[in-house]
Amino acid sequence: SFEPSVNNLRVLSRNIYKNNFSKSIKIFQLPLSDRENIFSNMNENEFIEGWSMSNFGEVKNFEGSNFIPKHNYEIFGTNINYLLDNQILPFPNYIKIDVDGIEHKILKGANNHLSKSFLKSLSVELNENYPEQYNSVVEIMKKNNFSQKKRKLIKSEKNDNFSKTF
């Protein structure tokens, strides 16, 4: 599990421990990107434990709109290609990406490995209101022979902001 947010790392580690997954889940305290081995800003929309809507190297939210971070800090990040090419991680069978806006960049940083037969499933949260992200991910998935299946994951009765997020 990759968790670069200082606010969410404590929540993740506690959850892993309480659910007795300490031997099967490893935590990488670094963000993923399309770029290899860089320092960039981790921009947090709120300084609240367990909060989402943070972004590495960008100040765009899940819809591609700019936001003003309430907290940010420089942190080291890399891409999936680097981690797999250098055998820092074993090749995964399943990848789930939900990072509130830079899913397409993370997939670009994994382009050397997405077509390998070991990868059985790729789950990516997408927002159709963010065309750059949505179109880029769909193109990458088609190029690597993934079939697209839509399933609505987020819907709030009080807030329709997430009605195009799948």
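Select Phe76 to start: this residue is partly exposed, at 34% relative accessible area (buried means under 20%, exposed over 50%, partly exposed in between, with a 1.4 Å probe and protein chains only). Bear in mind that this is a predicted model, where local features need pLDDT of at least 70, side-chain atom pairs count only at pLDDT 80 or more, and totals for chains, interfaces and linings use all residues. Numbering runs from 1 along each chain as its sequence is written, and side-chain values use heavy atoms, leaving out hydrogens and water.

Phe39 and Phe76 make an edge-to-face aromatic pair, 5.5 Å centre to centre with 65° between the planes (ring centres of Phe, Tyr or Trp, the latter by its six-membered ring, within 6.5 Å; planes under 30 degrees apart are stacked, over 60 edge-to-face, the rest tilted). Phe39 sits in strand S1 and Phe76 in strand S3 (residues 71-77), so the pair ties together parts 37 residues apart in sequence. Strands here are DSSP runs of E with at least two residues, and helices are runs of H or I with at least four, numbered from the N terminus.

Next, stay in strand S1 (residues 38-44) and pick Asn43. Asn43 is buried, at 3% relative accessibility. Its side chain makes a polar contact with that of Asn72, at 3.5 Å (N or O atoms within 3.5 Å, one able to donate a hydrogen and the other to accept it; residues adjacent in sequence count only if both atoms are side-chain atoms).

Finally, zoom out: the protein has 4 helices and 5 strands, running α-β-β-β-α-β-α-β-α from the N terminus.
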